[in-house]
Amino acid sequence: MNSKYLWTVLAALIFLNGCNQDESSTLSTAVEPPKTDVELLNEQEWDDNRVYVTKDNYILMKEANGTIPGIVKPCFVVNSAKEWPREDLSNADSYDLPRVDFRWDNGEFTNASSDEKAIYEARDKIWSIKTDGTDLRLVTDFLDVVPPRPHNRAVTVKMMRRSPNNRYLAWSNNVEKVIFDLETQESIVLGADRGHSQFLWAEDSSYLYFEDKAKYWKYEITTGKTTQMDDDFHFSEVGVIYGGKRYVVSDFGVVIYDELTDERLLSFGYPSKGDEIYSQFVKDYNVRKDFHMKTRSISPDGKYAWGESSKYRFFMNTETQEVRTEKIVRSEVGDYQYFEQLGLNANYVRDGAGGVIFLKLNEDKTVPKDKWTNWPQVCSGHSATLSWLYNGFANNGAFVKEDK
């Protein structure tokens with residue numbers, strides 16, 4: 001694969017707009033301007049066929065693993081994050097597909113290093129990318145909001161959730177809870193109490209529920225007002241507000257509330273204490289061990305939810321209340337595996353951040369064993385984690401452009 005081809009692919013992948021030049025109606029004898037550092041770098045022959053975006057950042061085009069041959073995906077090497085394009089709400093091309101937020105410490109760092117740039121590059125930052133693995137963007141490095149502490153030079157992201165209008169990113173390091181505004185590039189610190197973090201955005205992005213001081217709070221975007229919720233109010237770190245309903249994916253099932261009245265409309269999953277079979281159920285199973293869903297996800301409209309415990313996977317239709325269950329066999333790919341990022345109508349799933357597993361589900365919403373794709377998404381730094389889907393209704397929920 002030659003550099004010229006790679007450069008052509010790159011231009012389509014990352015949507016970096018060059019300067020348009022007017023065509024001259026007459027022949028010109030003007031001397032061509034000197035080539036840029038990037039142009040000179042890309043004229044060289046590289047063993048790994050890298051393509052430079054800036055003089056310190058480049059992309060490696062790698063053939064994806066999986067059952068579908070010939071798929072080539074970009075793997076990003078970012079050695080200078082401040083030179084990398086930021087997510088831009090005014091760029092419509094960035095939002096023609098669903099996107100994924102994730103944390104990534106893009107640079108290398110050792111405790112012996114005293115180089116401030118190396119320390120900065122190795123710190124956690126929040127990035128975003130299209131579901132097809134293109135258009136990587138830096139969302140925020142947030143160092144002006146949460147300065148490095150003397151005993152811990154790096155701020156570690158533990159949770160992030162994007163608003164439905166894509167403008168606001170709520171994130172936490174399990175101490176500070178912060179809203180970052182992509183439009184104004186400003187941040188608001190909502191709380192700074194050490195403990196578990198949860199966020200849930202309003203359907204119209206006008207308010208945010210968050211957890212701080214072991215209490216639930218509501219923050220109103222327009223007024224800046226923060227209100228403590230009643231003790232019987234519930235939401236979870238995995239959930240969505242859609243169609244006037246608040247979907248809560250709990251450790252053991254799904255609970256649905258009327259968002260306006262807070263009336264509990266429906267709950268299902270394993271039996272509740274009021275059910276006749278509850279006592280026998282608890283007797284027959286180790287509930288905390290077998291049914292506690294440590295990993296969970298939900299589709300953008302709340303119709304489908306998924307969870308995985310140490311022994312089982314659960315796939316739930318919140319409209320029909322159907323719950324499908326499979327026992328995990330570690331040596332086999334399950335029917336309901338890799339559902340970390342669950343797309344609209346459960347047509348697509350995507351799993352991972354540093355490395356990505358990508359699947360278009362069968363019509364019965366199970367994993368196709370003969371059609372899957374896997375690729376490395378980042379090629380520098382130590383780790384990338386905490387993927388979370390947003391802009392989920394774009395392209396009718398399809399994770400690639402050819403499907404709508």
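Lys-125 lies over the face of Tyr-120, 4.7 Å from the ring centre. This is a predicted model. A search of the whole structure turns up 23 aromatic pairs.

**Tyr-207 and Tyr-209**

- The ring centres of Tyr-207 and Tyr-209 are 5.5 Å apart.
- Their planes meet at 65 degrees, so the pair is edge-to-face; the cut-off for that label is over 60 degrees.
- Tyr-207 has a relative accessible area of 16%, so Tyr-207 is buried, because buried means under 20%.
- Tyr-209 is also buried, with a relative accessibility of 4%.
- Tyr-207 and Tyr-209 belong to one aromatic cluster, together with Tyr-216, Phe-233 and Phe-235.

**Tyr-348 and Phe-358**

- Tyr-348 and Phe-358 form a tilted aromatic pair.
- Their centres are 5.8 Å apart, and the angle between the planes is 55 degrees.
- Tyr-348 lies in strand E25, which covers residues 348-351.
- Phe-358 lies in strand E26, which covers residues 355-360.
- The pair therefore ties together parts that are 10 residues apart in sequence.
- Both Tyr-348 and Phe-358 are buried.

**Charges over rings**

- The charged end of Arg-50 sits over the ring of Tyr-58.
- That charged end of Arg-50 is 4.0 Å from the centre of the Tyr-58 ring.
- For Lys-125 and the ring centre of Tyr-120, the distance is 4.7 Å.

Definitions and conventions:
Residues numbered from 1 in each chain as written. Predicted model: local features only at pLDDT ≥ 70, side-chain atom pairs only at ≥ 80, totals over all residues. Heavy atoms only, no water. Phe/Tyr/Trp six-rings, centres within 6.5 Å; stacked < 30°, edge-to-face > 60°. Buried < 20%, exposed > 50% of the residue type's maximum accessible area, 1.4 Å probe, protein only. Helix = DSSP H or I, 4+ residues; strand = E, 2+ residues; numbered from the N terminus. Lys NZ or Arg CZ within 6 Å of the ring centre and 35° of its normal.
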